Amino acid sequence: MERSSAPAGPIKVGVITDVTGALSFMGTANANVAEMVIDDINAAGGLLGRPVDLCLEDSATTDSVATAKAAKLVQQDHVDVIFGGIYSSTRQAITGPAVVDGKTLYVYPEQYEGQECDPLIFCTGPVPAQQVEPLIPWLMERTGASTFFLPSADYIWPHILNEKVREVVTPRGGTIVGEEYFPLDHTEYAETVERIIASGAEVVFNTIVPPGLTPFLELLHESGFTERGGSIVCTYFDENFFNLVPAAHVEGLYSCLDYYRNVGDRFSEELTRRYDERYPGKAMFTAGSACTGLYRGLKLWEAAVREAGSLVQADVIAALDHARIAEGPGGPAEMVPGQRHVRMNMYIAQANDGQFRIVESLGMIDPKECMHGVT
C-alpha cells in the first residue's frame, strides 16, 4: 500500500539526452522512451496518487550543455530524480551539478565501462563483465582469432573497456597488436586502417564513436579487412546505427547487448510494437542507444517509489537497491543489492544484411560491480 507524506502536486522526473548534435539519432529515441513511460505511469493513475511531470532537456551532444541542463533541473525545476546521458563523459558532466552539488538521485542508462560507485548514482545498462567477458572468449573460440587491434575514442569508456579486453585476451594466448586513441570528433582514419592491415590483426575491437564511426567503417570496408576473414566487434552497435552506415560496411560485425529487436519474447515484441506505432521513423527503440536502460531505469525507479511509499530520497534509494521488474526489453531485470547495477539478460548478435541476428543468448549475467563500501 502506498503512503505519501509529500505535498500534493506533480512528481518531477528530469531527463537529459542528446536530442540534437552527433548523437541525436540516439537521444531522440531516449526522449521518446521517457515520454512513453511517463505517459504509461500517468495513465495508470500516477505515483503516490500524484501525476508525474517529465522535465526533458537537450544536452546537444555537448558536455558543457549537459552540465548546465543538470544544474537547471536541480536548481530551477527541483526534480525528484534525474535520468540520462549517453557518453560516459556526459555522465561525468551531469554528476557535478546533479549529484555532487545537488545531492539528487541520478540514474545513468547507457552501457558503459563500469566502476561508477557514488551512493546517489544507479546504472541500468550493461558493463564489461556483461559484454567483454562473455563475448571475447566466445569469439576467440568460434573464429580462432587471437590478434586484436583497438581503435578508440579518447575518453574514459574506451580506455577502461580496452583494459578489460586485454585482461580477457592475454590469458587465452591472444595479443593486442595495436591500440590507438583519437578525439571524439576525429574523422580521418586512413592511416589507422593502414596500420590495422599491416599489423595482421584478426579482430578490430572498435570504440570509435560518431561522428568518426562512419568514415572509419567505410575505410575499413574498402581495405578488404572482413573479406580476408577479419572480424569487427563493436559492443554498442545496435539497429539505429544501420541508419548511419551502408549494410555492407558492417556485414558480419559482432555486438553484445541486453536487447535486440528480434529477441522475440512477448513483452519485448509488444513494447517495440507500441513504440513503433507511436514514434514511426528512424529513431528506433534499441539497446546501444540507452533506450533499454532508460526504460528499465524508469520502471525500477517507479517500483522503488511504490515500495518506499514516499519520495524521501533515502527511502527510495533503499528500495531501488533491490528493485526488480518481472518484464522488460530483453527480459526481466533486477538491481544487485549493494552494486547499484543491474543483473539482466545478454545477447551476442551478428550483423547480416542490415539487421542483427542473435547468435548466442547468454541468459542473466551479473554486473560484478564492486561498490567499495557504498551501501
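The lining of the largest cavity divides into eleven nonpolar residues, three polar and one charged; Ala, Val, Leu, Ile, Met, Phe, Trp, Tyr, Cys and Pro count as nonpolar, Asp, Glu, Lys and Arg as charged, and the others, Gly among them, as polar. A cavity is a set of points on a 1 Å grid over the protein atoms alone where a 1.4 Å probe fits but cannot get out, and lining residues have an atom within 4 Å of a point. The model is predicted, with totals for linings using all residues and local features needing pLDDT of at least 70. Residues are numbered from 1 along each chain as its sequence is written.

The largest cavity holds about 130 Å³ of space, a volume being the space filled by probe spheres set on the grid points. Among its 15 lining residues, Ile86, Tyr87, Glu110, Gln111 and Tyr155 are the closest to the centre. The second largest cavity has a volume of about 40 Å³ and is lined by Leu220, His221, Phe225, Thr226, Ile232, Ala248, His249 and Glu251.

Five strands form an open, parallel sheet in the order S2-S1-S3-S4-S5. Strands are DSSP runs (E, at least two residues), as are helices (H or I, at least four), and two strands pair if DSSP finds at least two bridges between them. Strands S2 (52–58) and S5 (121–123) each have a single partner strand, so one side of each is left without a neighbour in the sheet. Strand S1 (residues 11–17) pairs with strand S3 (residues 81–84) over four bridges, and isoleucine 16 stands opposite glycine 84 in S3.

Key
Predicted model: local features only at pLDDT ≥ 70, side-chain atom pairs only at ≥ 80, totals over all residues. Heavy atoms only, no water. 1 Å grid on protein atoms, 1.4 Å probe; cavity = no way out; pocket = protein on both sides within 12 Å on 5 of 7 lines; lining within 4 Å.
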